Amino acid sequence: MKTIKNLYRKIKAFFRLIIRKIDKKLIVPITKFVLMIGEKTGKNSKSFERWLTRKNTLVFLSLLLALLLFFLVDNQSLVLVESSAEVLEGQKVVAEYNKEAYVVEGLPEQVDVILIGKQADLYLAKQLSTKNVTVDLAGLGVGTHTVNLKYKNDVSRIRYELAPSTANITIYPKLSESRLVSVDVINQDKLDTKLSVQSVEIDNKEIIIKGAEHILEKVATVKALVDVGNLNDPEVGISTINDVSLVAYDNKGQLVDVEMVPNKITATVSIVSPNKEVPLKIIPVGNVVFGKAISSITSSVTKVTVYGDQATIDNIQFIPVKVDVTDL
C-alpha cells in the first residue's frame, strides 16, 4: 500500500514539474510578449485588440502554442524513453537451503544490482524492487560448487546484471557440540564508585554450538558478556539482566562465528557496597621554627568511611593525611 502511495506521489510530482516548465517556458514568455506589444502600440491598443480577436489571428496563435507545447513535451518524453542504467548497491543475498543440516561458506552477503532500460521502466522497477538477491542451494550436497545469483525482476522490460553474478561456495555438514559458559562482567566502571559486583549467576551454564567441524575446533571458550552498564539505577541488592549476549573465542582471543542455542541468556547480578570506617593519621611534613616542637595535633575529622572491593578495604588500617608544618 505504501509503495502505491509513493508511486502516486511521484507521478503527481512529475506532472507538476511538466506544468511548471510549460508555465515558465511558454505561458510567461508569451504573456510578456503580448504586454510588450501592448505597451509599444500605446494609442493603437484598440487596433491591436481588434487584430488579436480576429479568427485568423487566434488560429495562428493556437497553432504556434500547439507546436511549442509539442516540442516541449516531446523533449521531456525523450528523457523517459532513452535507455539508461541504475545501480542498486548492497542488495542482500538470501540463500535457500536446509540451514539445520548444512553450513555454507563463500556466499557474499551483499551484491550490487545494475538495472538497464528506459527511465520510466527503471523508475517503476526501483519502486517494486524486492531488495533481495536469491540463490537456490536446495539441490546441492556437501562439497564445492559454483552457483548463479538471481534477482527477482518485476518489470519484464528491464534487464539486470549482478556484480558479482556467481559465487564459489563450499557446503559442509553442520555439527553440534556442548560447551560450558563462563562469565565476563563488562562496564563495571559505569557503576557508582560505592558499588561493586559481588557475584553473577546465569540461567544456562551449558549451551550448544553449531557449525562446520573445522570451525567448531577453533572454539576455545564461550563467554556470557554481562553488561552492568545496562542496569537502570543500580543499587545494592539483586538485579536481573535479560538478553545477555554469548560470544565464542579461539585460543588467541579472536571471535569465532558459530551458531549458539540458546543465543541469549539471563543473568542475575548481586551488587554490594563494601565499606569500612577507618581513622585518619595526621603526618606532619617539614619543620616548625627553631626552638619549637609539636605538642599535639588534632583534626576536625577523625574517621572516614572507605568504599571499594572487600579484599582491598580489609587491608586498610588508616588513612594518612600529610600536613605541612614548615615554619609554624
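1. In this predicted model, seven strands make up an open sheet of mixed pairing, arranged in the order 10-15-13-12-9-11-14. The edges are formed by strand 10 (196–202) and strand 14 (259–261), each of which pairs on one side only. On average, and with direction ignored, neighbouring strands of this sheet are turned by 40° against each other.

2. Within this sheet, strand 9 (residues 175–186) and strand 12 (residues 221–227) run parallel and are joined over six bridges. I186 stands opposite D227 of strand 12. In general, strands of a sheet pair through backbone hydrogen bonds, in either the parallel or the antiparallel sense.

3. The largest pocket has a volume of about 710 Å³. Its lining comprises 24 residues, and those nearest the centre of the pocket are Y97, V103, V104, E105 and D257. At least two lining residues come from each of strand 1 (83–96), strand 2 (102–105) and strand 11 (206–211). By residue class, the lining divides into 14 nonpolar, nine charged and one polar.

4. A125 belongs to helix 4 (residues 119–127). Is this residue A125 buried or exposed? With a relative accessible area of 5%, A125 is buried, because the limit for that class is under 20%. Neighbours within four places in sequence aside, A125 is in contact with L115, V155 and I158. The C-alpha atoms of A125 and R157 lie 9.4 Å apart, although the two residues are separated by 32 residues in sequence.

5. Two cis peptide bonds deserve a check by the reader. One joins A163 and P164, with omega about 0°; P164 lies in the loop between strand 7 (159–163) and strand 8 (166–173). Another runs from V261 to P262, with omega near -5°. P262 is placed in the loop between strand 14 and strand 15 (264–272), and strand 14 is an edge strand of the sheet described in point 1.

6. D243 is not a glycine, yet its phi is positive, at about 55°. This residue, D243, is located in strand 13 (residues 237–249). D243 counts as exposed because its relative accessibility of 57% lies over the 50% limit.

7. A positive phi is also found at D327, with a value near 65° in a residue other than glycine. D327 lies in the segment after strand 18 (319–324). The relative accessible area of D327 is 58%, so this residue is exposed.

How values were computed:
Residues numbered from 1 in each chain as written. Predicted model: local features only at pLDDT ≥ 70, side-chain atom pairs only at ≥ 80, totals over all residues. Heavy atoms only, no water. Pairing = 2+ DSSP bridges. Helix = DSSP H or I, 4+ residues; strand = E, 2+ residues; numbered from the N terminus. Axes fitted to C-alpha atoms, helices over the stretch in contact; angles between N-to-C directions. 1 Å grid on protein atoms, 1.4 Å probe; cavity = no way out; pocket = protein on both sides within 12 Å on 5 of 7 lines; lining within 4 Å. Points joined across faces, edges and corners; volume = space filled by probe spheres on them. Nonpolar A, V, L, I, M, F, W, Y, C, P; charged D, E, K, R; others polar. Buried < 20%, exposed > 50% of the residue type's maximum accessible area, 1.4 Å probe, protein only. Contact = heavy atoms within 4.5 Å.
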